[in-house]
Amino acid sequence: MQDQELSLAVTAYIHRACWRSDIASTVCAAGNVHAGHCDVWTQKDGTLQLNFVDPMGNASNPNPSAEQELGKTLQRLVKGLNKKHRASEWAACLHWPNGGAPVPEATQNVAAWLDDSLLVVRHGSDSPAYSYTVRLDRPRLVGIPQVTALPLVGFAAVCTVLSEHADGAKCRWLSGGQDVTNNLVHTPTPQELGNQLDVYCTPWRKSGIVGETVRVTCDLPVHEVAIGALQPLRQRLSLTSEPVVQPCLRVVSYNVLWGRPNSDIQKDVVKRLRQENRQADAACVREMD
C-alpha cells in the first residue's frame, strides 16, 4: 500500500512539474520525462546563452563562457535547484547526440553543446530523469519587431525586424483577422478601414529550420487621410508636369517610411516619377519614422 501511495505521489509530482513549465511532456515507461528543449545560442562576446525550463517549472538562462569546462556549467545549472530545496540532491549531465555517451566534464562548452545533444537533470538516483533535447543556434529575433503605429489607407505600413542565426524573417500580415500580405510591407486598402493590423514574424534559415514566431500589433486601427488634407500638395505637384528650361534644374523629393530596403525604395521612386510625370532632373528621398 505504501509503495502504491509513493508511486501516485511521484506521478502527481511529475504532472505538476510538467503543468507548471507549460510544456508537452512525455512520461516514458521507464519513468523518465522528456521535458522539452534546451536552446543554446553562441554569442558574439564569447559566451553561450542557454534557455530552458527546469524541472520545477522555472526559466533557466545561464550565460557561461564558451571556453568554460562543461562540468562547471552543469554545476551551476543544478546549484539553483539545490538552493531552492536545501535537502535536494539534483545532478545534471550532457550526452552526445543520438543516444551517445555522457560528454566528459572537462570538455569546453563550445565543443560540448551540439545540436540534438541530450541534457539530463535528475533528483537523486531513484527519481525520474528530466531530459532536454538541445537545439543549437536556432534562428531567433533580436528584440521586438517595430511596426507602423498608425496605418493609413494607401500608405505603406512597414515591419522592421532583426534576426540572428537566420537567413531572414518572414512577416505575415493580418487585417481584421484575415491574411492579407506575406511581406515586410503592407499597404492597407479602403476595405480595411477600421481594421486592426497584426504581424506575425518568424525567423528562418534556408535549411528549413525556423525559430519562434512573435506577434506585434499596430497601435491604432487603419485610418484614412481626408481628401482635403492632400489638396494643397496635389496643386503644387501639378506644376511639375512640364519640363523646366535649361539652365534651370528641377529636384523632386519624397518622404518614405524608414526601414525599407534601399532597392525597394529606388524602384518605387522611379515608378512614381514615371506614373506622375514629374519631369524631374533629380530625386531626393528622405526616410521618416
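In strand 15, D198 is the bridge partner of L174. Strands here are DSSP runs of E with at least two residues, numbered from the N terminus. This is a predicted model, in which local features need pLDDT of at least 70, side-chain atom pairs count only at pLDDT 80 or more, and totals for chains, interfaces and linings use all residues. Residues are numbered from 1 along each chain as its sequence is written, and side-chain values use heavy atoms, with hydrogens and water left out.

Strand 12 (residues 168-175) and strand 15 (residues 197-204) run antiparallel and are joined by eight bridges; two strands pair if DSSP finds at least two bridges between them. Both strands belong to an open sheet of four strands, with antiparallel pairing and the order 13-12-15-16. Strand 13 (178-182) and strand 16 (214-217) each have a single partner strand, so one side of each is left without a neighbour in the sheet.

Attention now turns to another strand. Six of the eight residues of strand 7 (residues 129-136) are buried, so this strand is largely enclosed by the rest of the structure; buried means under 20% relative accessible area, with a 1.4 Å probe and protein chains only. Strand 2 (residues 33-42) runs parallel to strand 7 and is joined to it by six bridges, and D39 has R135 as its bridge partner in strand 7. Strand 6 (residues 118-123) runs antiparallel to strand 7, with five bridges, and L118 is partnered there with T133. Strand 6 and strand 7 form a hairpin with five residues between them, where G124 in the turn has a positive phi of about 75°.

Technical notes
Buried means under 20% relative accessible area, exposed over 50%, partly exposed in between (1.4 Å probe, protein chains only).
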